[in-house]
Amino acid sequence: TDQAPGNALAQQTAMLRTNWRSKDSPGIGELARAVNDENLPQVRKAFQKYGDSLHRHPLRSDDRQLETLLLNGSGNQEGLRALFQTVATPPSQRQDFDAWAAGLLKQLTLQQLLSGLRSGPFGVEQLNQRITRHLQQQDLAPEREWYPGRPVMMTRNDYQLGLMNGDVGLTLPLLEERNGKPELLLRVAFQLPDGRIKWVLPSRLDGVETVYAMTVHKSQGSEFRHTLLVLPDAPHPLLTRELIYTAVTRARDRFTLLEFGKPTVLDSAVKKRTWRASGLAERLS
């Protein structure tokens with residue numbers, strides 16, 4: 001209004017001051033603030049002070065600690081083994097499958113592995129391959145492209161199916177009529193914004209990828225009870241303060257840093273800011 005102080009644009013600004021996601025885990029909020037402030041001593045202090053919700057795990061690339069952690073879970077969070085065990089015991093009645101799928105999709109959000117990189121030994125492409133191979137070795141997943149328990153993410157919009165880039169689905173058996181008899185057939189379950197479950201034939205999904213691990217970029221807008229972030233064995237140009245902050249703030253209850261290199265890799269990332277040179281400021285002025 002004419003009586004309000006400031007210009008019209010200033011009146012359209014809303015300040016979000018309450019963190020509802022991790023309000024019951026103060027360590028996550030403190031770590032996020034320290035990262036955002038580029039305060040390395042406070043970052044280290046947060047990990048030391050809040051050992052119940054913040055963890056740093058040094059790992060070696062030639063062992064299976066990462067796979068074991070993801071399969072077994074940590075603390076009171078279940079891992080992939082529990083997910084696959086539930087997938088292996090579908091309901092006996094067709095009317096129960098939607099609720100069963102919704103529960104499993106929620107179970108997927110109990111833990112999520114993130115990486116700032118897409119390619120290379122510490123990128124999501126090779127991490128997903130590593131985890132898939134380990135599941136096969138544990139006899140939890142067969143050696144084929146589509147199998148019960150495989151989580152997938154849409155990589156582009158499919159308006160015909162009503163699925164958007166970033167939507168996550170879970171491959172599950174579904175009880176359907178085939179040749180006049182009920183049979184368990186492989187489908188991919190997606191939860192729509194209104195809560196309904198959409199079942200899709202795997203062959204209809206062209207733009208999808210396995211998502212045991214996802215990039216920090218793809219995780220924006222999501223939350224997970226336990227978030228695990230992989231850091232490579234050396235500093236990388238893509239590892240910045242903003243990326244670390246985004247990864248930390250995906251966590252609701254627990255955040256784990258998986259370090260394949262020295263602790264200085266985290267220090268380097270926190271001190272590096274993302275600079276964007278779009279030329280927009282010059283054009284506006």
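This is a predicted model: local features need pLDDT of at least 70, side-chain atom pairs count only at pLDDT 80 or more; totals for chains, interfaces and linings use all residues.
## The antiparallel sheet

Five strands make up an open sheet in the order β6-β5-β4-β3-β7, and their pairing is antiparallel. At its edges lie β6 (197-200) and β7 (208-210), each of which pairs on one side only. From one strand to the next, the twist averages 50°.

Helix α5 (residues 97-108) packs on this sheet, where it touches β3 (151-154), β4 (168-178), β5 and β6. The direction of α5 makes about 165° with that of β4.

At one end of the strand order, β5 (residues 181-191) pairs with β6 in the antiparallel sense over four bridges. Within this region, Q191 stands opposite I197 in β6.

Strand β3 has two partners that can be described in turn. Three bridges join β3 to β4, and the two strands run antiparallel. Three bridges also join β3 to β7, again in an antiparallel arrangement. Residue V152 takes part on both sides: V152 stands opposite G169 in β4, and the bridge partner of V152 in β7 is T210.

Which residues of β3 point one way, and which the other way? P151 and M153 point one way from the strand, whereas V152 and M154 point the other way. All four of these residues are buried.

## The parallel sheet

A further open sheet of five strands has the order β1-β10-β9-β2-β8, with parallel pairing. Its edge strands are β1 (54-58) and β8 (213-215), and each of them pairs on one side only. Neighbouring strands of this sheet are turned by 30° against each other on average, direction ignored.

Helix α6 (residues 124-137) lies across β2, β8 and β9 (224-231). Relative to β8, helix α6 runs at about 175°.

## Two helix pairs

Two packed helices are described by the angle between their axes and the distance between the axes. The table sets out these values for two pairs.

| Helix pair | Angle | Axis distance |
|---|---|---|
| α1 (residues 26-36) and α2 (residues 40-49) | about 170° | 8 Å apart |
| α3 (residues 65-72) and α6 | roughly 70° | within 10 Å |

Helices α1 and α2 pack at an angle of about 170°, which makes α1 roughly antiparallel to α2 because angles over 145 degrees are classed in this way. Helix α1 passes α2 in a left-handed crossing. On the α1 side the contact is made by E30, L31, A34 and V35, and on the α2 side by Q42, V43, A46, F47 and K49. By class, this contact has six nonpolar, one polar and two charged residues.

The axes of α3 and α6 cross at roughly 70°, and α3 is therefore roughly perpendicular to α6, since that class covers 65 to 115 degrees. The crossing of α3 and α6 is right-handed. Residues L66, E67, L70 and L71 in α3 meet L127, R130, I131, H134 and L135 in α6. The contact of α3 with α6 has six nonpolar, one polar and two charged residues by class.

The buried residues of α3 are L66, E67, L69, L70 and L71. These buried residues pack against α4, β2, α6, β9 and β10 (251-259). Helix α3 is followed by G73, whose phi is positive, near 75°.

In the loop between α3 and α4 (80-87) lies Q77. Is Q77 buried or exposed? Its relative accessible area is 6%, and Q77 therefore counts as buried, the cut-off being under 20%. When neighbours within four places in sequence are left aside, Q77 is in contact with N72, L110, R225, H226, D253 and R254.

Key: Residues are numbered from 1 along each chain as its sequence is written. Side-chain values use heavy atoms; hydrogens and water are left out. Two strands pair if DSSP finds at least two bridges between them. Axes are lines fitted to C-alpha atoms, for helices over the stretch in contact, and angles run from 0 to 180 degrees between N-to-C directions. Contact means heavy atoms within 4.5 Å. Angles under 35 degrees count as roughly parallel, over 145 as roughly antiparallel, 65 to 115 as roughly perpendicular and the rest as oblique. A crossing is left-handed if the near helix is turned anticlockwise from the far one by less than a right angle, and right-handed if clockwise. Ala, Val, Leu, Ile, Met, Phe, Trp, Tyr, Cys and Pro count as nonpolar, Asp, Glu, Lys and Arg as charged, and the others, Gly among them, as polar. Buried means under 20% relative accessible area, exposed over 50%, partly exposed in between (1.4 Å probe, protein chains only).
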